Amino acid sequence: MSLYDYAEMLFRSARIDAFRAAIERVVEPGMRVLDLGTGLGTYAMFAAQAGARVTALDSDRVIHLARSLAERNGLADRIEFVHGRAPEALPPERWDLVIFEDYSTPFVSAASHGLLRTIAADHLAPGGRLLPDGFRLGLTPVSAVGPVARDPGMAGSDVRFGLSWTDLRRQMANCGQKAFLPADVLIAPLEPGPRRPILPVPAPADLEVRAAWDASERPVTGLALWFDLDLGDGVWVSNEPGRDPDRVAEPWGQWLLPVDPPLSAPGTRMEARVWWETRSDGLPGWMAWSCTAGDATRRGHEFAGIPLSLDDLTGGKPEAP
């Protein structure tokens, strides 16, 4: 991210206030705290102000600015800054509290789940905890065209400039994308799923998300996946769609999964599902999704959205999700 991105999140996001209150509520003097993906060192400085001994780690060069900010605020003697990637760069220590919110937009990924599994096994002290320590996933249908859905304008025809682009559209229909969706594209109430603990790390089979709603006149062109994070005391931070435009600086956005061609069946009950396949190491693998109305079903799968040749499949390994 650029420094402009960090500054925008810092000064425009209500998320920071919620995390500050949670850190002040949880941290006790002398506590050992790890801030993973510290960025500007914001949460590390909050924890240090509360009396903790803090380790702040980030793989980005912004950590050098974070160290300068801690010095300017008189907190450098309470924070150890580590430039490197977790878990390889972590000191051989166990912490009482680990602050981690560097999740991907769809929340579920092999990278974050693998890291948290290592943290829980090797770096969390007995009785230690994670902040946030719980989550819930939500799925809702959207009806949108143009820039919001990044529709390439192929509706009705895949022919442009006298050439067929059908293969492009077919692969795009299997590609999720980050979006900040306004309220007017939502066609069903937002209903997040049940709360789940982040530790122990859930198995992919436990992460399936479902939604059902009464179809309207508007066609379903996509499914929006979002997540909420539990900071305790009934406080949640969320990347749900349709939020106040002044809060679009929230870092995650929503994960928009295409329903292509659009699905329309007014007067019927529609159902949608998102799930993750399980890799050989037990971590989440490829994402897949479906949307059904009566006898009609649209399906998507991340792997089908990757341009590959037979040589790629037989002579090399595609990049893991």
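Student: Does Leu 186 count as buried or exposed, and at what relative accessibility?

Tutor: Before the answer, note that this is a predicted model, in which local features need pLDDT of at least 70 and side-chain atom pairs count only at pLDDT 80 or more, while totals for chains, interfaces and linings use all residues. Residues are numbered from 1 along each chain as its sequence is written, and side-chain values use heavy atoms, with hydrogens and water left out. Buried means under 20% relative accessible area, exposed over 50%, and partly exposed in between, with a 1.4 Å probe and protein chains only. Leu 186 has 16% relative accessibility, and therefore counts as buried.

Student: Where does Leu 186 lie, and with which residues is it in contact?

Tutor: Leu 186 is in the loop between β9 (177-179) and β10 (196-197); strands here are DSSP runs of E, at least two residues long, and helices are runs of H or I of at least four, numbered from the N terminus. A contact means heavy atoms within 4.5 Å. With neighbours within four places in sequence left aside, Leu 186 is in contact with Thr 140, Pro 141, Val 142, Arg 218, Pro 241 and Gly 242. Pro 241 is 55 residues from Leu 186 in sequence, yet their C-alpha atoms are 8.0 Å apart.

Student: Which residues touch the most other members of the largest nonpolar core?

Tutor: In soluble globular proteins, nonpolar side chains tend to be buried together. A nonpolar core is a set of buried Ala, Val, Leu, Ile, Met, Phe, Trp, Tyr and Cys residues joined through side-chain atoms within 4.5 Å. The largest one has 76 residues, of which Val 33, Leu 36, Ile 79, Tyr 103, Trp 213, Leu 223 and Trp 276 touch the most other members. Apart from this core lies another, of eight residues, including Ala 179, Leu 181, Val 185 and Leu 256.

Student: How many residues of helix α3 are buried?

Tutor: Seven of the eight residues in α3 (residues 42-49) are buried, so the helix is largely enclosed by the rest of the structure. The buried residues are Thr 42, Tyr 43, Ala 44, Met 45, Phe 46, Ala 47 and Ala 48. Gly 51, which follows α3, has a positive phi, near 105°.

Student: How many helices and strands are in the chain, and what percentage of its residues count as buried?

Tutor: The chain contains seven helices and 17 strands, and 46% of its 321 residues count as buried.
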